[in-house]
Amino acid sequence: MTSWIESANAAHCHFPIQNLPYGVFAKNGEEPRCGVAIGDMVVDMAVLESAGLLNAGGSATVFDKPALNDFMGLGKASWDSVRDQLTALLSKDGNDALSGNDILKAKALVPMSAAQMYLPFAVSEYTDFYAGKQHAMNIGTILRGAENALPPNWLHIPIGYNGRASTVVVSGTDIKRPLGQTKAPTAQVPSFKACARLDIELEMGAVVGTPSTMGQPITVQEADDMIFGYVLLNDWSARDIQGWEYQPLGPFQAKAFATSISPWVVTKAALESFRTSTPEREKELLPYLNEPGPMIYDIELQAYMQPEGADKATLLCHTNYNRMYYSAAQQLTHHAIGGCKMNTGDLLGSGTISGADKAEFGSLMELTWGGKEPITLDSGESRTFIEDGDTLTLTGWAQGDGFRIGFGECTGKILPAPDFKA
C-alpha cells in the first residue's frame, strides 16, 4: 500500500501509510491540536474532523484538543475506525475526498518543518520498570557483584517504581543537569553538588488508552487491549545521586528531574505484524502473568551522542525491544493486580533495553562499566558520562517488507546545572 503523499513511500521513511502515528502540533503560533505523521507532512486531524471527513464515533470533537487523551479514552473500536478512515483518505487507492480537494489539502497538510511538536498526551502518571534482564544483570554486577546481580524477586515479577509525570517532556526539550546529594566512597558524610555521572537509559514507553477500575485486577490480554501505543523514552539518570539515595526504597531525585519521550505515538495497530514472544522463562511465572500470545515487538533501537560543536553524532549502541524479559502488557497487569487504578494517559517505561553484546548496552553506565572504561566518540573526544552541551538522540523502527514503522527521534541537550546557593 502506498500514499499519494510521495514522501511517505520512500523505503527508509519512518512514517509511511502503514504507520500513521499520532501527535500534537501547532504552526504559526496557533493553538496546539492533534495530528498524524505521514512522510514529511503532518495531517491536521482537527481540520479533517471539522470538514466531516473524520469521525471518532461520538458527537463531541476530540482532535481539536492539545492532547490525545480524549481520543485515547474512546477505546479500540474508535482507534480502529479512525485508522481505517485515515487510510482511505491518504492511500493512492483510497477515496479522493482529501486528495482531490486542493483547498482542503492546503489547510490539512502541514510540512513537518513548519510544525512545533508538543507533548502528545497529558501524562496522568508515570511508572518506570526494570524489566530488561541484561541491563539488570549488568547494573547489579557493577554495583553488587555478579553473585548478587539480580534481586531474588526479579525473575518472578516486573519490578518498577513510580516516577514523576510532572517532568515528562517532549523530544527537543533541553535538560538541566540536576543538583543533589552524593557521597564519595571514602567520604564520611554526603556533599551537595551538581550530578557528575549523568546518564541516559534507552527505553520504550507504553501509553495507556483505556482505564481500569480501582480494586479490579486485569488479565494480560485485558492489559494489552488497554494500551494505545508506544513512544521512545529516555529515562535520564543521575547515577551518583542514585547510588546514595536508592537504598532501601529505590530511585527518587536521581530520576525525577526529567524523562524525555518522542513526539509521535506509534499505535499498537501499526505494530501488529511485528509481534514476537518474550524470552523463555528461567523460572515459571505465576499464572496471572502468563501471556496468551506474543506480547513484545521486534523494534530496532539506537542511541547517539553529539558533543556541542561536533559535526556529527556518534552511535553509542544498537539493540532491539525484543530483548525485554517482561512485556508492557505484563507490566501493566502487575501494576493493577493489587487494585491500582490505571488511567488514560498513564505512561509505563520499559526499563533500559540492553542485549548480550556490549554494542547493545542501552546506558553509559553499562557501556563504560561504571565509568571505568571510557568510550571514544567519532569527534575524538572521550566520555564516561554525559557532559554539558552533549545532545543525546534515540531512534527506532520496526522493519517491514519495503517499509518501516518508525518512531522518529527522541532528543535532549544537557545544559549546565542551575546556579543555586543553599
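Where is the place of P248? P248 sits in the loop between α7 and α8 (253-256), where helices (H or I, at least four residues) and strands (E, at least two) are DSSP runs numbered from the N terminus. What you're looking at is a predicted model, in which local features need pLDDT of at least 70 and side-chain atom pairs count only at pLDDT 80 or more, while totals for chains, interfaces and linings use all residues. Residues are numbered from 1 along each chain as its sequence is written, and side-chain values use heavy atoms, with hydrogens and water left out.

**Two domains**
- The chain splits into domain 1 (6-118) and domain 2 (125-415), with bounds that come from an automatic or database domain assignment.
- Taken over C-alpha atoms, the centres of domain 1 and domain 2 are 29 Å apart.
- UniProt, in an unreviewed entry, lists residues 18-120 as "domain: Fumarylacetoacetase N-terminal"; its positions are given in the numbering used here, feature names are shortened, and annotations may be inferred rather than shown by experiment.
- Residues 18-120 are 31% helix and 20% strand, and the end C-alpha atoms of that stretch lie 20 Å apart.

**Where the domains meet**
- On the domain 1 side, 26 residues are in contact with 28 residues of domain 2 (contact means heavy atoms within 4.5 Å).
- About 2,100 Å² is buried between domain 1 and domain 2, and carbon and sulfur atoms give 69% of that area; buried area is the accessible area (1.4 Å probe) that two parts lose on being put together, summed over both.
- H14, M72 and W79 supply 28% of the area domain 1 buries against domain 2, more than any other three residues.
- Between domain 1 and domain 2 there are zero salt bridges (a side-chain nitrogen of Lys or Arg within 4 Å of a carboxyl oxygen of Asp or Glu).
- The side of domain 1 that touches domain 2 draws at least two residues from each of β1 (22-26), β2 (33-38), α2 (69-72), α3 (76-90) and β5 (116-118).

**Salt bridges**
- The structure holds 22 salt bridges.
- One of them pairs R239 with D199, whose closest N and O atoms are 2.9 Å apart.
- That pair links distant parts of the chain, with R239 in helix α7 (residues 239-245) and D199 in strand β12 (residues 198-199), 40 residues apart.

- Most residues other than glycine have a negative phi, and most peptide bonds are trans.
- Q247 and P248, though, are joined by a cis peptide bond, with omega about 10°.
- L20, in the segment before β1, has a positive phi near 55° despite not being glycine.
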